[in-house]
Amino acid sequence: MVGQWEEEVDEEVVIRCYDDSRDRIQMGRVEKSCEIGHDQQTLLFTDTLGDPICRIRNSPFFIMLVAEVGNKLVGSIQGSVKPVEFHDKSVRVGYVLGLRVVPPYRRRGIGSILVRKLEEWFESHNADYAYMATQKDNEASLGLFVGKLGYVVFRNPAILVNPVNPGRGLKLPSNIGIRKLKVKEAESLYRRYVAATTEFFPEDINKILRNKLSIGTWLAYYNDDNTRSWAMLSVWDSSKVFKLRIERAPLSYLLLTKVSKIFGKFLSLLGLTAMPDLFTSFGFYFLYGVHSEGPLCGKLVRALCEHVHNMAASDDSGACKVVVVEVDKGSNGDDSLQRCIPHWKMLSCDDDMWCICR
Ligand SMILES: CC(C)(COP(=O)(O)OP(=O)(O)OC[C@H]1O[C@@H](n2cnc3c(N)ncnc32)[C@H](O)[C@@H]1OP(=O)(O)O)[C@@H](O)C(=O)NCCC(=O)NCCS
């Protein structure tokens, strides 16, 4: 048992470690009742494929805590601690993930105590910072972390989503070459170029690149260019760990999906991408470490994204329906990188908020 607590709730709340054999079924119910909307009208459901801790399992240190009232699970939180580089220093960061409190037990302080207990665990693992991500419109989450617990917003990355057109490859410019890098080559580029421009650069980048979910890192260059422009990115296949599903959406989105289903073949003949059916579980390729150098690098970034699209489109399992890229705005709000990345606005969002607390 991690702790007992009865300050603001009439019934006794026990905070303890998650026990897979005992809690898995109840945990599914907690997740289901806490689905988080992408905005007021869209509901995105995460299917953890039967493994509630799938998102942290690959971290060197991780924990999942649950809040229990009687024999009932009413909340949960997950966390992991990782060594990262931050402003040229090696620090340890505790990541807060999957905080959930079921609706009837909200506003009774359970979310706060779950975070506090996780922070204690971070401290016992020598973490220097705690860090979490949420969305601009998640009032409860921002009220709790920023309003009450003293976290500060430090980044607003955009999540760009592009649908995959199964079986249909995009034609890449003939003057652009794309090469898959060996892990050692990728690691050295990351350490030389990406580390300096990334807050919280993971020190164990070699392990991330070697992880079984990592498909690889690609480099794009011009065959005939003396400006020395180049671009790189790495790809994870999320579909082996968890899938997503939209459960509620605005009418326009529903209509577009229906129309796309009916006219899918014609759209494909016209070279257009149909709206994928995101109402049944789907996996995605996650693009990270997008980095580019040189005056002509924009087209190279686009070509890399299209190359990944083609890999997803030719995946026979059809599991990957979208390609997701996370990009940061430049320090002066510059969104030139964002503009090079093919994405659908209606599927993307630029309202993520990353918050940190010492
Ligand atoms: C976010 C969540 C975990 C909060 O749990 P909770 O047990 O209600 O939180 P607490 O009772 O400890 O709230 C602490 C403070 O957070 C703020 N807060 C909580 N819910 C809020 C809301 N709906 N609107 C505004 N502020 C809110 C308040 O300052 C509150 O203090 P107060 O009740 O004294 O005013 C819960 O709403 C939830 O599960 N939401 C869905 C999942 C989710 O969004 N998770 C966060 C992902 S980062």
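**View 1. The largest nonpolar core of the predicted model.** This core has 37 residues. The residues with the most contacts inside it are L65, A67, I77, V96, I110, L114 and L118. Helix α2 gives the most to this core, with 7 residues. A nonpolar core is a set of buried Ala, Val, Leu, Ile, Met, Phe, Trp, Tyr and Cys residues joined through C-beta atoms within 7 Å. Buried means that 20 or more other C-beta atoms lie within 10 Å of the residue's own; exposed means 12 or fewer, and partly exposed lies in between, with C-beta atoms placed from the backbone. The model is predicted: local features need pLDDT of at least 70, side-chain atom pairs count only at pLDDT 80 or more, and totals for chains, interfaces and linings use all residues. Numbering starts from 1 along each chain as its sequence is written.

**View 2. Contacts of I77.** I77 touches L65, V96, G98, L99, L114, V115 and L118, leaving out residues up to four places away in sequence. Contact here means C-beta atoms, placed from the backbone, within 7 Å. A second, separate core of 33 residues includes L160, V290, C297 and V324.

**View 3. Helix α2.** Helices (H or I, at least four residues) and strands (E, at least two) are DSSP runs, numbered from the N terminus. Buried residues of α2 are I110, G111, I113, L114, V115, K117, L118, W121 and F122. An α-helix has 3.6 residues a turn, so residues three or four places apart point the same way. After α2 comes N126, with a positive phi near 60°.

**View 4. The shell around the ligand.** The ligand is surrounded by 22 residues, with R106, G111, S112, G143 and L144 the closest. At least two shell residues come from each of β7 (89-101), α2, β8 (129-135) and α3 (139-148). The largest share, 7 residues, comes from α3. The shell divides into 8 nonpolar, 8 polar and 6 charged residues. Ala, Val, Leu, Ile, Met, Phe, Trp, Tyr, Cys and Pro count as nonpolar, Asp, Glu, Lys and Arg as charged, and the others, Gly among them, as polar.

**View 5. The loop holding K171.** K171 sits between β10 (158-163) and β11 (176-181). K171 counts as exposed because it has 8 C-beta neighbours inside 10 Å.

Terms used. A residue is near a molecule or strand if its C-beta atom, placed from the backbone, lies within 6 Å of it. Two residues are in contact if their C-beta atoms, placed from the backbone, lie within 7 Å.
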